[in-house]
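Please examine the sequence and the structure shown below before reading on.

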Amino acid sequence: MRPAIEVAAIGRSFGRGGTEVTVLRDVTFTVAPGEIVALLGGNGAGKTTLLRILSTVLTPDRGTARIQGFDVVSQARQARGALGVSFGGDRGLYGRLNARDNLRYFGTLRELGGRGLTTRIAEVLEQVHLTEVADRRVETYSKGMRQRLHLAIGLLGRPSVLMLDEPTVGLDPYEAQSLRDTVLALRDEGVAVLLTSHYLLDVERLAQRVVLLREGTVQHESELGEFISLADHVATILVRGEGPLPDLSASPLVDIRVRHEVDNWEAALRLREWDADVFTEIGRLFGGLTVREVRVEDMRLEEAFARLAGGTAAEAPVIGRSA
Ligand SMILES: Nc1ncnc2c1ncn2[C@@H]1O[C@H](COP(=O)(O)OP(=O)(O)OP(=O)(O)O)[C@@H](O)[C@H]1O
């Protein structure tokens, strides 16, 4: 089966002469129909630049990219026809109009029109669960509703390829999950999705494959499971307490960090693997102390990301689990 997205040796620089900066170097990967690929990377890795090239708004200096077989430079119009783009944020929506009229406006820009457009608007509203509020002004919408409207605009042309830049940013967990469910339903219909997200929960729940950019080159590409297995810790146990600090020397648990604030402390125990002794060990370390909270965080994705993108999980700039 022909890939829905083909990126071959793409390169892009900005500026000239002595101030030229190369932002993408020899980037190559594909996305199959019905597949969700997460494009990851720290700030400035080149993700947005690549999405701009694939959505035909920026031309590459080197290499080729195709959307459903259409070259994004020489066949930009056809490529755009196969593509839905949802870059989200607050830009681009007309607050004083309702969702239906926003969709009509963007549909007309895409040269969709007439009765076909009215039917299509009803369909996309249904797909993103906005039918009930479709006649309300968009300025009264929550962030999640706005993100879903962005997605609906991207879906108007029945795209077979969808590009989503930070689809869940700023959403509460319920809204984020609802948006993820919509994306999964689209994937099940055969849509190819390329996604960037600073929320690794999106990656975990959505992506089958991960492409990680670092300083403009593909640093790593693998199935999600393989990516996660690169982490050398399976979990972190956070223990919070008060009073005297625990003595954590001579523990077989790796990488123990303790943070101390006035009379509170927090210990982070990073586990290389789970075994029955972990709980015995925790009892031994913290027995007799005033423990207020014990929490287990599954850190594998963060760890894997941090190891490959640079820095440590604790410092990694792009991680968030709040959504
Ligand atoms: N028009 C431009 N002129 C000069 N430099 C640019 C231009 N666009 C992007 N860059 C630079 O290219 C690099 C990559 O930027 P890009 O926005 O693609 O990264 P990103 O991976 O999307 O980062 P973030 O996660 O912060 O959005 C950055 O160093 C940025 O400053």
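This is a predicted model: local features need pLDDT of at least 70, side-chain atom pairs count only at pLDDT 80 or more; totals for chains, interfaces and linings use all residues.

The mean pLDDT of the chain is 86, and 91% of its residues reach 70 or more. For the complex, the predictor gives an ipTM of 0.95 and a pTM of 0.79. One stretch calls for caution: over residues 312-323, pLDDT stays under 50. For these residues the model has 28 contacts beyond four places in sequence.

The domain assignment divides the chain into domain 1, covering residues 5-228, and domain 2, covering residues 235-298. A distance of 41 Å separates the C-alpha centres of domain 1 and domain 2.

Which residues surround the ligand? They are Phe14, Gly15, Val21, Val23, Gly41, Asn43, Gly44, Ala45, Gly46, Lys47, Thr48 and Thr49. Two or more residues of this shell are given by each of β2 (21-31) and α1 (47-54). The largest share, three residues, comes from α1. Sorted by class, the shell around the ligand has four nonpolar residues, seven polar residues and one charged residue.

Finally, consider helix α9, which spans residues 277-286. Is this helix largely in the open or largely buried? A residue counts as buried if 20 or more other C-beta atoms lie within 10 Å of its own C-beta atom. Of the 10 residues of α9, the number that are buried is zero, so the helix lies largely in the open. Just after α9, Gly288 takes a positive phi of about 85°.

Definitions and conventions: Residues are numbered from 1 along each chain as its sequence is written. A residue is near a molecule or strand if its C-beta atom, placed from the backbone, lies within 6 Å of it. Helices (H or I, at least four residues) and strands (E, at least two) are DSSP runs, numbered from the N terminus. Ala, Val, Leu, Ile, Met, Phe, Trp, Tyr, Cys and Pro count as nonpolar, Asp, Glu, Lys and Arg as charged, and the others, Gly among them, as polar. A residue is buried if 20 or more other C-beta atoms lie within 10 Å of its own, exposed if 12 or fewer, and partly exposed in between; C-beta atoms are placed from the backbone. Domain bounds come from an automatic or database domain assignment. pLDDT is the predictor's confidence in each residue, from 0 to 100. Two residues are in contact if their C-beta atoms, placed from the backbone, lie within 7 Å.
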